[in-house]
Amino acid sequence: MIQHSSSSPTPVIAVFDIGKTNKKIFLFNEDYKIVYERTAHLPEAVDEDGFPCENVNSLTKWVSEEIKLVRAHEHINIKSINVSAYGASFVHLDEQGKPIGHLYNYLKPFPEKLLRSFISHYDQDDSLSLQTSSPQLGNLNSALQLFFLKHEKSSFYNQIKYSLHLSQFISFLLTGKTFTELTSIGCHTMLWDFKRNNYHKWVKQEGIDSKFPELVNSDHVVTSNETKIGIGLHDSSAALIPYLKSFVDPFVLISTGTWCISLNPFNQSELTQKELELDCLQYLSYEGKPVKASRLFAGHEHELMIQKIASHFGVKAEKLHSIEFDQTIAAKLINTSKDFKTENKLGQHPSDFGKRNLSDFKSPVEAYHQLVIDLVRQQIKSTSLILKNIVVKNIFVDGGFSNNSVYMNLLAAGFPEYKIFGASIPQASALGAALIIHRAWNTHDIPNEIIKLRVCKRPDDIEIHPVV
């Protein structure tokens, strides 16, 4: 239901927020209050190998239907539209601008033989990941998707006029204009040379850069039927924008969801090989500046392990989401639980919890506390990677874990020298996509308090250390 309080239509910006699981549309008024939202769960398709992938036809239809629906509402005036979406995902267009092929799932395994060939040609000295600020991540390095198509499916590759990251494809559906955008090209794609501030030389040697349209700034807009339409952003970079617009003092943001991504826009030190091995990387901000980041697949593991705990104890998984922090249970588990030291890696690697015997726990509450302890121990190590080289006093947490009592208390215990804040922000990535083109549609100043913070007090007598 659209919220409306005046006789004249409310000026709004519509933002499509495209996640792998949920597809959402929001309408923000000029004070950046959400006046409308809808969520859809679109069925996946499969690629030629039977691997799940985004259904481009369903997504295209959904975007069209949602725009028609909100435009038909008499109480709103769509002044602008923008997009935030997950990265590492290309939609390919032919000469006629028609989508062709598949939007490959970035979790699909990359062919080992082809990867070895790529490394032998372009990364013999192991410098490529450092130069592109991209750990070796297979299809999560979206450049490798095009390398795969060129060398394994050349007839299809030759049909491609342009390859658009997902955000720019949604914008293309609305404008008919094709662009390449900084935050989408600069997020673990292996496309961008962060020192030279240009496409990496291997991209040009392969001719892959010919598949990309004009590269423009993140705040670029196209006017279509008097509507200012943005070109879209990578969702993690978009989520950082409200904080950069609101705070001057250095901070770190832990944006939690399927991935828990720690972002330090004030740390622009060069990556080290050790950091890369622990899935630390750099993004490009909307201003084209490097943002030191580290990633964990912690939200994904959290959901998988919750199902496992619920099944073992015969309870509903939803109940585990509302468990309150119990200091006595946490202290006991921290002091007595086994520490597995064989493979405590970060990135997509699971925590220690999957190795534990659930029969060792007396209750689902106790098991859940252990799960979060194991995840937070990884989080401490991951976030600590980007806290170096600059004085930071505040750590903000937004997304799902920001409202998790167990997670927030344990995180505060793990960072005793920092202030830990849970951030209440209406859909950070969607809000960031709206704010980036503020001047194009909004006659008001950006409000001073678009983010509400609540401090998380450190629990007494608990020390939790990172994985080793």
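The buried residues of helix H4 (buried: under 20% relative accessible area with a 1.4 Å probe, protein chains only) pack against E7, helix H2 (112–122), helix H5 (154–157), E9 and helix H8 (201–206), contact being defined as heavy atoms within 4.5 Å. Helices (H or I, at least four residues) and strands (E, at least two) are DSSP runs numbered from the N terminus. The model is predicted; local features need pLDDT of at least 70 and side-chain atom pairs pLDDT 80 or more, whereas totals for chains, interfaces and linings use all residues. Residues are numbered from 1 along each chain as its sequence is written, and side-chain values use heavy atoms, without hydrogens and water.

In H4, 8 of 11 residues are buried, including Leu144, Phe147 and Phe148. An open sheet of 3 strands has the order E8-E7-E9 with antiparallel pairing, where a pair requires at least two DSSP bridges. Strands E8 (99–100) and E9 (162–165) each have a single partner strand, so one side of each lacks a neighbour in the sheet. Helix H4 (residues 142–152) lies across E7 and E9, at about 40 degrees to E7; angles run from 0 to 180 degrees between N-to-C directions of axes fitted to C-alpha atoms, for helices over the stretch in contact.

The structure holds 13 salt bridges, each a side-chain nitrogen of Lys or Arg within 4 Å of a carboxyl oxygen of Asp or Glu. In one of them, the closest N and O atoms of Lys108 and Asp49 are 2.7 Å apart. Lys108 is buried at 12% relative accessibility, whereas Asp49, at 56%, is exposed (over 50%).
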